Amino acid sequence: MGVSAANDLETMSNRDLDFLFSCLKIHPEHSSVIFKLASLIRTAAQVYLSRAANTPSQVVTELVHQFLAETMTYNATSPGGHILIWPFFIVGAECSSKRDREFVIMQLQSLWYCTGFGSPLYAIKLLKEIWREAPGTNWTQTLVDKVEGFIM
């Protein structure tokens, strides 16, 4: 990942999530949903940055567990959940247990059913390739070679 991309993710601000926060003006009654979505996107960004920087595995694992715990009740089928393709993909790349992987696949399949977009199916394909790699492989480095295009 380039320095610019890493800096952008590291300094993700409310301005970067304007597409979400602009909804607050129109629908303030949905503030809890908007803040939940922003939190999930930020957690996924932290997972990516932590793996790219080779942060100790326990830190990355804690972030993954935090994301998965939050998405047990708020997920792809929740209001606004259709924007969670990238977060589920990023967190899924770090999942090592069969149960967690199945949960992420189920969420991505739900996103495909909900949106009809090909990105969730492509995410599933990429995750299966990542999961076949040797344990400990830094998937952020090899992702560049695997991704042909990934529109969120």
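Among contacts in the protein chain between residues at least 6 apart in sequence, 63% join residues at least 24 apart. Contact here means heavy atoms within 4.5 Å. The model is predicted: local features need pLDDT of at least 70, side-chain atom pairs count only at pLDDT 80 or more, and totals for chains, interfaces and linings use all residues. Residues are numbered from 1 along each chain as its sequence is written, and side-chain values use heavy atoms, with hydrogens and water left out.

The protein chain has eight helices and zero strands. From the N terminus on, its elements run α-α-α-α-α-α-α-α. Helices (H or I, at least four residues) and strands (E, at least two) are DSSP runs, numbered from the N terminus. Of the 152 residues in the chain, 42% are buried. Buried means under 20% relative accessible area, exposed over 50%, and partly exposed in between, with a 1.4 Å probe and protein chains only.

Two helices can be checked against their expected span, which is 1.5 Å times one less than the number of residues.

| Helix | Residues | Number of residues | Span between end C-alpha atoms | Expected span |
|---|---|---|---|---|
| H3 | 31-52 | 22 residues | 32 Å | 32 Å |

Start with H3. Valine 33 sits in this helix. Leaving aside neighbours within four places in sequence, valine 33 is in contact with Tyr74 and Pro79.

After H3 comes asparagine 54, in the loop between H3 and H4. Asparagine 54 is not a glycine, yet its phi is positive, about 55°. Most residues other than glycine have a negative phi.

Now H7. Which residues of H7 are buried? They are Ser119, Pro120, Tyr122, Ala123, Ile124, Leu126, Leu127, Ile130 and Trp131. These buried residues pack against three helices: H5 (85-94), H6 (98-115) and H8 (139-146).

Glutamine 107 belongs to H6. Glutamine 107 has a relative accessible area of 3%, so it counts as buried. Not counting residues up to four places away in sequence, glutamine 107 touches Asn75, Ala76 and Phe88.

Threonine 140 belongs to H8. Threonine 140 has a relative accessible area of 4%, so it too is buried. Its side chain makes a polar contact of 2.5 Å with the side chain of asparagine 138. A polar contact is a pair of N or O atoms within 3.5 Å; within protein, one must be able to donate a hydrogen and the other to accept it, and residues adjacent in sequence count only if both atoms are side-chain atoms. Not counting residues up to four places away in sequence, threonine 140 touches Tyr48, Arg51 and Ala52.

Last, the largest pocket. Its volume is about 430 Å³. It has 21 lining residues, and the closest to its centre are Ala93, Glu94, Cys95, Ser96 and Gly136. Helices H4 (57-73), H5, H6 and H7 each give two or more residues to the lining. H4 gives the most, with four residues. The lining divides into eight nonpolar, eight polar and five charged residues. Ala, Val, Leu, Ile, Met, Phe, Trp, Tyr, Cys and Pro count as nonpolar, Asp, Glu, Lys and Arg as charged, and the others, Gly among them, as polar.

A pocket is defined on a 1 Å grid over the protein atoms alone, as an open set of points where a 1.4 Å probe fits, with protein on both sides within 12 Å along at least five of seven lines; lining residues have an atom within 4 Å of a point. Grid points are joined across faces, edges and corners, and a volume is the space filled by probe spheres set on the points.
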